[in-house]
Amino acid sequence: MLLLAFVALFLLFIDTYTRWLQPVRPWLAELTTPLYWVSSLPRRIGELGDETVVSRADLEAEISRQKTQLFILKGRMQRMAELAAENVRLRNLLNATELLQDSVLVSELIGVSPDPSRHTIIVNRGEDHDVFVGQAVLDADGLMGQVVEVYHSSSKVLLISDSSHALPVQVLRNGVRSIAEGMGDHKRLTLRFVTPTTDIKVGDQLVSSGLGGRYPLGYPVGTVTSVDMVSGNPYLKVELEPSARIDRSRYLLLVFSAVEQLGKDTDAGE
Amino acid sequence: MQESSLLTYLWSGGSIVIGLLLQLIPLSSTAALWRPQFVLLIVFYWLFRSPFLHGVMFAWFSGLLLDIFVGELLGRHAIVFALCAYLIRLVQQRLHHFGVLHQAMLVLFMVLVSQLLLHSITLIFRVGWEGSLSIAPAITSAIIWPLLVFFANRLLKTQGLEQSISSGS
């Protein structure tokens with residue numbers, strides 16, 4: 001008993017204070033992936049059922065809805081092309097660097113941390129697909145998190161709602177900078193150290209500011225849901241609702257930031 | 001005797017894998033808070049069922065397996081499960097007189113102890129962690145215990161393993 005307890009304590013210590021277990025982790029992850037896959041089966045089967053058994057009317061409604069959406073988006077795209085061209089012209093005038101496009105890799109969620117106090121997920125892309133630690137992860141609506149561990153064919157993503165996660169943001173309306181922190185709740189984030197004179201209102205859109213170099217600039221993070229002055233507290237209590245559907249999204253995008261790729265290319269060139 | 005104990009280990013190992021699966025199935029964040037400690041329950045089942053073959057060592061390995069799958073601090077569940085098994089061992093003699101409800105009370109207490117230990121260990125080893133201690137898993141574990149015992153006994157009976165496993169030695 002004592003021996004086993006000591007072995008466990010020893011493991012805990014080296015796991016916390018050294019990096020000796022780093023090379024072992026990918027192998028352990030390989031071992032665990034099949035079971036994670038099996039554990040996600042019930043949901044997959046449920047979804048398969050939903051996909052195969054759909055009424056004709058539903059499908060038709062879905063198609064017409066999508067057609068309308070496509071039409072609207074195409075209309076906006078026309079504006080976009082014009083705006084992008086104009087933007088490039090203006091940037092040329094300013095002698096600024098060309099606006100770079102980020103490229104993305106689609107990945108699928110294969111596992112969720114069983115510990116409710118830890119917001120991490122596992123996605124099915126890893127070293128084989130050039131995923132790297134610190135890479136930003138998006139869903140269709142906004143920022144989801146960042147890659148913290150990369151295994152051979154899967155990787156672990158820390159979500160922005162985890163209580164140990166902080167992310168530099170700015171208000172879309174006026175560019176006020178702040179830091180959005182997770183609270184261990186999928187539906188809420190908080191801004192720390194916002195002074196009472198800061199211009200921030202309920203309904204403000206927050207986007208990633210790109211400071212700190214981790215997250216690319218300009219992806220939606222959340223919307224301010226409450227701004228409260230707590231008496232006795234020198235700072236405002238600001239809460240936001242994340243744009244990304246953090247506990248629902250199934251398909252995620254791994255961002256290869258253009259700046260990152262540029263760096264890699266020059267490295268290769270040298 | 002050798003063969004029957006090997007068979008028993010196969011069964012207990014298999015049941016632990018099923019427990020891991022139940023522990024890993026993705027749930028919504030509220031439901032995950034109420035998820036019973038399936039692996040610990042299965043460890044308890046085998047500790048009660050065949051104490052000669054399953055002891056602290058079995059609990060330790062099950063815990064380590066869970067740690068590997070959860071992928072956080074390695075050794076966290078191992079030490080807690082081993083400690084729980086040790087505590088169960090201390091009251092082993094009395095266990096024979098316990099009914100299922102009595103056992104459920106013991107399970108409630110032990111899962112509570114395990115939650116407390118897991119919480120303290122995480123607080124010590126993960127700097128800046130802000131989780132809260134929850135008694136929900138203990139309650140659901142105790143509720144699910146009689147069901148688990150009932151179905152596991154039924155299963156082993158239909159497989160004709162009753163005799164070889166309960167003799168245990």
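Buried residues make up 29% of the 270 residues in chain A. Buried here means 20 or more other C-beta atoms within 10 Å of the residue's own; exposed means 12 or fewer, partly exposed lies in between, and the C-beta atoms are placed from the backbone. A word on the source: this is a predicted model, where local features need pLDDT of at least 70 and side-chain atom pairs count only at pLDDT 80 or more, while totals for chains, interfaces and linings use all residues. Residues are numbered from 1 along each chain as its sequence is written, and chains are lettered from A and ligands numbered from 1 in the order in which they are written.

Let me stay with chain A. Its secondary structure comes to five helices and twelve strands. These are DSSP runs, helices being H or I with at least four residues and strands E with at least two, numbered from the N terminus. The C-alpha atoms of chain A fill a box of roughly 70 × 60 × 55 Å along the principal axes. Now contacts, which require C-beta atoms, placed from the backbone, within 7 Å. Take the contacts in chain A between residues at least 6 apart in sequence: 55% of them join residues at least 24 apart.

Next, the barrels. One has six strands in the order β1-β2-β5-β4-β3-β12 of chain A, with antiparallel pairing. Its neighbouring strands are turned by 45 degrees against each other on average, direction ignored. For the angles, axes are lines fitted to C-alpha atoms, for helices over the stretch in contact, and angles run from 0 to 180 degrees between N-to-C directions. Pairing needs at least two DSSP bridges between two strands.

Val106(A) has Leu253(A) as its bridge partner. Glu108(A) has Tyr251(A). β12(A) also takes two bridges from β3(A), residues 136-138, again antiparallel. There, Leu138(A) is bridged to Leu253(A). So much for β12(A).

Now β2(A), residues 120-123. Are its faces covered or open? Both are covered: Thr120(A) and Ile122(A) on one side, Ile121(A) and Val123(A) on the other, all buried. Three bridges join β2(A) to β1(A), antiparallel. In that pair, Leu109(A) stands opposite Val123(A). Four bridges join β2(A) to β5(A), residues 155-159, also antiparallel. Ile122(A) finds its bridge partner there in Lys156(A).

The other barrel is also in chain A. Six strands run β6-β7-β8-β11-β10-β9, closed, with antiparallel pairing. β6(A), residues 166-171, and β9(A), residues 205-208, pair antiparallel over three bridges. Val171(A) is bridged to Leu206(A).

On to chain B. How many helices and strands does chain B have? Nine helices and zero strands. The radius of gyration of chain B is 16 Å, close to the 15 Å that the globule rule gives for 169 residues, so chain B is as compact as a globular protein of that length. That radius is taken over C-alpha atoms, and the rule is 2.2 Å times the number of residues to the power 0.38. The C-alpha trace of chain B spans about 50 × 30 × 30 Å along its principal axes. Of its 169 residues, 37% count as buried. Among contacts in chain B with a separation of 6 or more, residues 24 or more positions apart account for 67%.

One helix deserves a stop: α4(B), residues 56-70. Its 15 residues should span 21 Å at 1.5 Å a residue, and its end C-alpha atoms are 21 Å apart, which agrees. The expected span is 1.5 Å times one less than the number of residues. Twelve of the 15 residues are buried, so α4(B) is largely enclosed by the rest of the structure. Among them are Phe58(B), Trp60(B), Asp67(B) and Phe69(B). Just after the helix, Gly71(B) takes a positive phi of about 75 degrees.

Last, the interface. The contact takes 30 residues from chain B and 33 from chain A. On the chain B side, α1 (2-24), α2 (29-33), α4 and α5 (76-90) each supply at least two residues. Which helix gives the largest share? α4(B), with six residues. The chain B side divides into 20 nonpolar, seven polar and three charged residues. Nonpolar covers Ala, Val, Leu, Ile, Met, Phe, Trp, Tyr, Cys and Pro; charged covers Asp, Glu, Lys and Arg; the others, Gly among them, are polar.

Notes:
Contact = placed C-beta atoms within 7 Å.
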